[in-house]
Number of protein chains: 2
Amino acid sequence: MRISILGSGNVATHLGRAFFRSGHKIIDVCSPTPGHAASLATELNARAIQKAGDFDQDTDLCLIAVKDDAIEEVARGMGFQKALVAHTAGSIPMEVLKGSAPGYGVFYPFQTFSGFREPDLSEAPFCLEASSPGVMRRLSELAESIRGRAYEVDSAGRRRLHLAAVIACNFTNHLYTLADELLQEQGLSPELLRPLIMETAEKVMEAAPFEAQTGPAVRNDRLVIEDHLRQLEHKPELQELYKLLSASITNLHLKDDK
Amino acid sequence: MRISILGSGNVATHLGRAFFRSGHKIIDVCSPTPGHAASLATELNARAIQKAGDFDQDTDLCLIAVKDDAIEEVARGMGFQKALVAHTAGSIPMEVLKGSAPGYGVFYPFQTFSGFREPDLSEAPFCLEASSPGVMRRLSELAESIRGRAYEVDSAGRRRLHLAAVIACNFTNHLYTLADELLQEQGLSPELLRPLIMETAEKVMEAAPFEAQTGPAVRNDRLVIEDHLRQLEHKPELQELYKLLSASITNLHLKDDK
């Protein structure tokens, strides 16, 4: 496919690289920050532009990978006659793209992207929505061309997926940060936690997390819980989180025992 | 080494197997539940006993791997003349073992153990404490004999490690459970989350989690956060957790921006 990209952040960069490596032709990379557009465009052998009005019309797909609250506005400024337009956002309805092109859709990679690491897209679900079956077919083929798995998910489902991702990925990562801080405070290396973090993730590749739950809260071990709350007396915010999460575990698992 | 084991739960089972596979001789497996003791003892080519008083005295180490609140009591019933005694608990001081044997210590595997999966001990830190340098040397050799890494950590450090593990492992796993439930409610497969869970863990093998943080809270994206809170109106407990975790992320990262 001939693909143009609006955006130069982590999603734009990693998807752009994946398309390029899979043999797609990248036409334009558009970013209001000239340096960002130029750097990604050079890497992808494409042209750098600064304004959406400058997109080459002779393209098959224009992918919008910018901040959620900018999507609607940039889409309104587009008037593709032939190309499809798709955005990559979990929480934005497809319909904001209506009017930007005859065919439009959503190409939401259900994966986490950071600048420092090439994500494993060969395992990633791509949650797709399309204005017509023809558009769906083309978006599916695109996802599969970069070794992703294509799933058809409507806007309501995608909203829910995004919420679940925040909980299982963003919040989880924040817990890693808080745990690292607690070790550093005591002069202990955060590296000690790494095998445990990996094993915790590996376990739920094999079993439901409900079955894999361990720790003082699921045993309702009050002595250990009280000791941990005492250790958190200097961090009232984290102490509150500890209480809520422990209560949530105990409630869920005790309910199940009945 | 000649090793006896008190307990037949996940920690006793997985450590027992690791010792057995590495060529140690397992003497006795003691559990008040006869079926459990017999089953583990058969697997480890050992003798099953039901009472701590029945341990063969001719052993090098008696490992106590029972529930935290039972350790002190079982240790009081022991009177080894020659063998070392060690427990495997994160939150219990070493000193509860005083009097159980001339040499004693702590052999705390910093890893998560579930019945359904053989944990990767070759990557696991073993946090050790000992009543003498000689005991420390023997516990270190034991950890290394099963391909673990030995670390000397005192009771205060171990208490802190256990707290960090609860946060980074037990709470994280619970977030996986809550996210799965949200998908199932909407008819979506929890399997969709698995690549994301794996990638989130993989990322912090390469970078500090603070650097790896993504999502609406770190961008302070109020529109998305408000939408997620609306989706959680039927789950007030989880809604509260979402608010607290988002505020914790926003506070930590905004503080850093200044």
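Which helix supplies the largest share of the lining of the second largest cavity? That share, three residues, comes from α5(A), where a helix is a DSSP run of H or I with at least four residues and a strand a run of E with at least two, numbered from the N terminus. This is a predicted model, in which local features need pLDDT of at least 70 and side-chain atom pairs count only at pLDDT 80 or more, while totals for chains, interfaces and linings use all residues. Residues are numbered from 1 along each chain as its sequence is written, chains are lettered from A and ligands numbered from 1 in the order in which they are written, and side-chain values use heavy atoms, with hydrogens and water left out.

A cavity is a set of points, on a 1 Å grid over the protein atoms alone, where a 1.4 Å probe fits but cannot get out, and its lining residues have an atom within 4 Å of a point. The second largest cavity is lined by residues of both chains, including Cys169(A), Asn170(A), Thr200(B) and Lys203(B).

Turning to the rings, Phe55(B) and Phe80(B) form a tilted aromatic pair, 5.9 Å centre to centre with 50° between the planes; rings of Phe, Tyr and Trp (its six-membered ring) pair if their centres lie within 6.5 Å, and planes under 30 degrees apart count as stacked, over 60 as edge-to-face and the rest as tilted. This pair links distant parts of the chain, 25 residues apart. Phe55(B) counts as buried because its relative accessibility is 6%, and Phe80(B) does so at 5%, buried meaning under 20% relative accessible area, exposed over 50% and partly exposed in between (1.4 Å probe, protein chains only).

Terms used
1 Å grid on protein atoms, 1.4 Å probe; cavity = no way out; pocket = protein on both sides within 12 Å on 5 of 7 lines; lining within 4 Å.
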